[in-house]
Amino acid sequence: MQLTRILAIRHGETAWNRDTRIQGHIDIPLNERGLWQARRAADALRDEPIAAVYSSDLARAHATAQAIAAVRGLPVHTHAGLRERHFGRFEGKTWNEIETGWPDEALAWRKRVPDFAPEGGENLLTLRERIATTVHELAARHPGEQVVMVAHGGVLDVLYRLATGQDIQAPRTWTLDNAGINRLLWTPEGLSLVGWADIGHLQDDADAPLDESTT
């Protein structure tokens, strides 16, 4: 049977993560802590067999992927299909600003209404189909190998649901840590979960820098 091991990694921290500000397709760079997290993830994977490194084309994911790829001299292959969910007019707003400005839409968002999309954005059904198609396309290129896919919280949430059979509206009971390492197994029949939310490489964070914009 064809199978591909996937190391799915969320990008490192950004200033907007700290601000609870919705990034979506807005291209926000890693902050200093995020760069540190990316280096830590790269070091944690130093001895892993990795055939290819794929990334969302947004800067925060690409920079995280570059840190991982550079350790072993691999290129980073970008794919727009690994982008975060498009949040339309929610992008650039904090959670509190969304609650205040669009309370009905905020409620639909919180309840994970499958066909709800913020104006100009993407609904959960479209997001799930995009992620499933992209991961199938990329994983199918590497039977018997292991690949890295660096993406975003919304993407990782979909991957967990696909691998565990969780309904699209099920409340989230799993974490989506910045620079966390998540392990999945792909076959032509779909995804299965091997391990989730490994953040051991980030536990010794006494030397982790703070983002200067938050101090």
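Predicted model: local features only at pLDDT ≥ 70, side-chain atom pairs only at ≥ 80, totals over all residues.
Colleague: How many of the residues in strand E5 are buried?

Modeller: Start from the cut-off: a residue is buried when its relative accessible area is under 20%. In strand E5, residues 181-187, five of the seven residues are buried, so the strand is mostly covered.

Colleague: Which strands pair with E5, and in what sense?

Modeller: In a regular strand the side chains alternate between the two faces of the sheet. As for the partners here, strand E1 (residues 4-10) pairs with E5 in the antiparallel sense over six bridges. Strand E6 (residues 190-198) also runs antiparallel to E5, and six bridges join the two.

Colleague: Which residue in E5 is the bridge partner of Ala8, and which residue in E6 stands opposite Leu185?

Modeller: Ala8 has Asn182 as its bridge partner in E5. Leu185 stands opposite Ser192 in E6. A hairpin of two residues connects E5 and E6.

Colleague: Now the largest pocket. How much space lies in it, and which residues lie nearest its centre?

Modeller: The volume is about 830 Å³. Its lining has 28 residues, and those nearest the centre are Ile22, Phe87, Trp95, Trp109 and Arg172.

Colleague: Which helices supply at least two residues each of that lining, and which gives the largest share?

Modeller: Helices H1 (15-18), H4 (95-101), H5 (103-110), H6 (124-139) and H7 (153-164) each supply at least two. The largest share, four residues, is from H7.

Colleague: How do the lining residues divide into nonpolar, polar and charged?

Modeller: The lining of the largest pocket has nine nonpolar residues, nine polar and 10 charged.

Definitions and conventions. Residues numbered from 1 in each chain as written. Heavy atoms only, no water. Buried < 20%, exposed > 50% of the residue type's maximum accessible area, 1.4 Å probe, protein only. Pairing = 2+ DSSP bridges. 1 Å grid on protein atoms, 1.4 Å probe; cavity = no way out; pocket = protein on both sides within 12 Å on 5 of 7 lines; lining within 4 Å. Points joined across faces, edges and corners; volume = space filled by probe spheres on them. Nonpolar A, V, L, I, M, F, W, Y, C, P; charged D, E, K, R; others polar.
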